[in-house]
Amino acid sequence: MKTKDLFDKIVSLCKRRGFIFQSSEIYGGLNGCYDYGPLGVELLRNIKEAWWRDLTLREDIEGLDSSILMHPRVWEASGHVENFTDPMVDCKECKARFKADSLEDSECGNKAYKGRKAIKCFQEGKFTEARNFNLMFKTFIGPVEDSSSVVYLRPETAQGIYVNFTNVKDSMRQKIPFGIAQIGKAFRNEINTKNFLFRTREFEQMEMQYFINPAEDEKWFEYWKEQRFNWYLKYGMRKDKMRITVHEKLAHYAKSAIDIEYEFPFGWGEIEGIHNRTDFDLRRHFEFSGKKLEYFDEATKERYIPYVIETSAGASRGLMAFLMDAYYEEEVNNELRVVLKFHPAIAPIKAAVFPLVNRDNMPEVARNIIEDLKKHIRVFYDDSGAIGRRYRRQDECGTPYCITVDSDTLKDGTITIRERDSMLQERVNKDNLLNILKEKISF
Ligand code: ATP
């Protein structure tokens with residue numbers, strides 16, 4: 001299948017099945033912003049929950065939820081006011097604005113030249129000189145809109161962690177090495193939003209900053225690189241669709257950096273970055289705030305500014321990778337079956353329950369099963385249409401188990417559990433259902 005077709009099919013499934021909608025769709029949408037529908041929000045929450053549990057259910061990592069608006073000096077200290085820019089050019093003819101380094105990928109803004117690449121207009125001298133454009137969204141705090149009240153919507157969650165280094169260390173009596181994890185929204189006024197959830201203006205990050213002794217930076221960098229790569233495999237991502245690339249050109253704060261990449265239908269793209277940020281951030285905040293952000297090691301009597309190994313994942317970008325990775329089209333009995341093979345831990349709906357027919361007490365028995373299960377997991381009741389169609393609908397939503405109540409259930413209390421990927425059915429006693437699902441889904 002052509003990759004563009006595959007991409008379009010997944011985007012359309014996302015809308016049809018309630019995963020992702022365009023933001024403010026009835027007004028024509030807002031560029032670079034998306035809404036998570038009923039299934040999308042479950043998927044996103046499950047991904048974030050998996051990350052949160054795996055990172056914070058350990059003694060050396062604490063959680064944090066810092067505010068989105070922060071003191072403007074934070075962004076001066078971090079280098080964002082000065083460096084968080086993209087070079088941009090304007091077309092003098094059609095007035096469209098482009099990222100100067102991606103003219104090959106962009107289309108001319110003039111509708112009359114449909115399909116024409118912006119690089120062509122550049123070669124014809126239609127563009128202004130490149131100017132730096134800061135990607136941070138600005139707003140004002142309080143009632144007066146002047147330069148003294150400017151604040152920014154955070155472009156990353158990391159800075160909220162650095163400025164709370166001492167608070168967390170002291171309140172939790174943490175000793176180095178230790179980490180702080182945070183999940184939250186970040187905002188970037190990207191010039192070119194593209195590829196669905198890949199590059200949006202509002203997105204969610206899952207970031208963990210691990211504070212270490214500078215002498216141990218290489219060891220911890222390797223450790224987190226491996227941990228984070230394996231995390232995606234744990235939740236079912238295909239290894240042959242993943243790779244690690246090493247940054248040749250480093251950001252101003254980094255000593256070493258790698259990207260974990262996923263092969264999307266439009267090509268390879270970063271889903272998470274692992275960076276050795278040295279002591280850059282803590283040192284800068286120390287310089288700008290005058291507050292010492294350092295660590296005293298009681299055992300060795302050493303005093304130092306810790307180095308930081310950062311693991312920075314996009315929750316929304318990760319969601320898109322999990323979605324695209326789970327998408328399969330298969331031929332079953334000469335019919336197309338579209339199935340999302342999510343790992344049960346992240347699947348939005350864990351089980352669907354069907355009465356085979358709407359009579360002979362089957363709906364009542366099925367409803368009782370739903371009542372029992374819904375205290376523990378998200379379940380879905382469906383009694384409409386042929387059973388095959390009901391299976392197909394759940395396949396498209398990625399529901400790992402379908403449970404059917406049939407005439408045997410009424411005789412001997414057994415039901416069938418149909419597994420999504422193999423489509424194999426197993427007959428079990430309905431009283432054991434919860435325990436069986438518990439084991440399969442491990443909740
Ligand atoms: P890119 O080079 O793709 O712009 P980046 O290197 O600027 O990404 P980081 O600043 O390292 O990205 O951000 C960490 C993670 O946040 C990325 O791996 C990605 O998953 C996510 N992310 C960054 N920008 C966006 C965006 N505009 N939309 C969605 N997710 C994003």
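**Figure 1. Asn-361, a partly exposed residue in a loop.** Let us start with Asn-361, which has a relative accessible area of 45% and so counts as partly exposed. In this predicted model, Asn-361 sits in the loop that runs between strand 19 (351-355) and helix 11 (362-373). Its backbone deserves a look too: phi is positive, about 75 degrees, although Asn-361 is not a glycine. As a reminder, most residues other than glycine have a negative phi.

**Figure 2. Lys-301, an exposed residue with a positive phi.** Here the view moves to the loop between strand 14 (295-297) and strand 15 (302-304), where Lys-301 is found. Phi of Lys-301 is near 60 degrees, a positive value in a residue other than glycine. With a relative accessible area of 56%, Lys-301 is over the 50% mark and therefore counts as exposed.

**Figure 3. The cis peptide bond from Ile-176 to Pro-177.** Zoom in on the backbone here, and you will find a cis peptide bond leading from Ile-176 to Pro-177, with omega near 5 degrees. Most peptide bonds, by contrast, are trans. Pro-177 belongs to the loop that links helix 7 and strand 9 (178-187).

**Figure 4. Two residues of helix 7, Phe-165 and Asn-167.** Helix 7 covers residues 165-172 and includes Asn-167; Phe-165 is also in helix 7. Phe-165 is buried, with a relative accessible area of 0%. Leaving aside residues up to four places away in sequence, Phe-165 touches Phe-178, Ile-180, Phe-211, Leu-282, Leu-293, Glu-294 and Pro-306. The side chain of Asn-167 makes a polar contact of 3.0 Å with the side chain of Asn-164.

Figure 5. Glu-261 is part of strand 12, which spans residues 256-264. Is this charged residue buried or exposed? Its relative accessible area is 10%, which is under 20%, so Glu-261 counts as buried. Two side-chain polar contacts can be picked out in this view. One, of 2.7 Å, joins Glu-261 to Arg-243, and another, of 3.3 Å, joins Glu-261 to Thr-245. Beyond residues up to four places away in sequence, Glu-261 touches several others, among them Lys-241, Met-242, Trp-268, Gly-269, Glu-270 and Ile-271.

Figure 6. Now for the ligand, which is surrounded by 15 residues. Glu-190, Arg-199, Thr-200, Glu-270 and Ser-312 are the closest of these. Which classes of residue make up the shell? It has six charged, five polar and four nonpolar residues. Strand 10 (202-212), strand 13 (267-276) and strand 16 (307-314) each bring at least two residues to the shell, and strand 13 gives the most, with four.

Figure 7. An N or O atom in the side chain of Glu-270 lies 2.6 Å from an oxygen atom of the ligand. For Arg-199, a polar side-chain atom is 2.8 Å from a ligand oxygen. Gly-314 takes part through its backbone, where a polar atom is 3.0 Å from an oxygen atom of the ligand. On its own the ligand has 590 Å² of accessible area, and the protein covers 83% of it.

Figure 8. Stepping back, the chain holds 14 helices and 23 strands. Its C-alpha trace spans about 75 × 70 × 45 Å along the principal axes. The chain is divided into domain 1 (37-75 + 139-323), domain 2 (85-134) and domain 3 (349-441). Taken over C-alpha atoms, the centres of domain 1 and domain 3 are 40 Å apart. Of the 443 residues, 50% count as buried. The chain exposes about 22,000 Å², with carbon and sulfur atoms supplying 48% of that area. Among contacts between residues at least 6 apart in sequence, 64% join residues at least 24 apart.

Conventions: Residues are numbered from 1 along each chain as its sequence is written. This is a predicted model: local features need pLDDT of at least 70, side-chain atom pairs count only at pLDDT 80 or more; totals for chains, interfaces and linings use all residues. Side-chain values use heavy atoms; hydrogens and water are left out. A residue is near a molecule or strand if one of its heavy atoms lies within 4 Å of it. A polar contact is a pair of N or O atoms within 3.5 Å; within protein, one must be able to donate a hydrogen and the other to accept it, and residues adjacent in sequence count only if both atoms are side-chain atoms. Accessible areas come from the Shrake-Rupley method with a 1.4 Å probe; for residues, only the protein chains shown count as cover. Ala, Val, Leu, Ile, Met, Phe, Trp, Tyr, Cys and Pro count as nonpolar, Asp, Glu, Lys and Arg as charged, and the others, Gly among them, as polar. Buried means under 20% relative accessible area, exposed over 50%, partly exposed in between (1.4 Å probe, protein chains only). Contact means heavy atoms within 4.5 Å. Domain bounds come from an automatic or database domain assignment.
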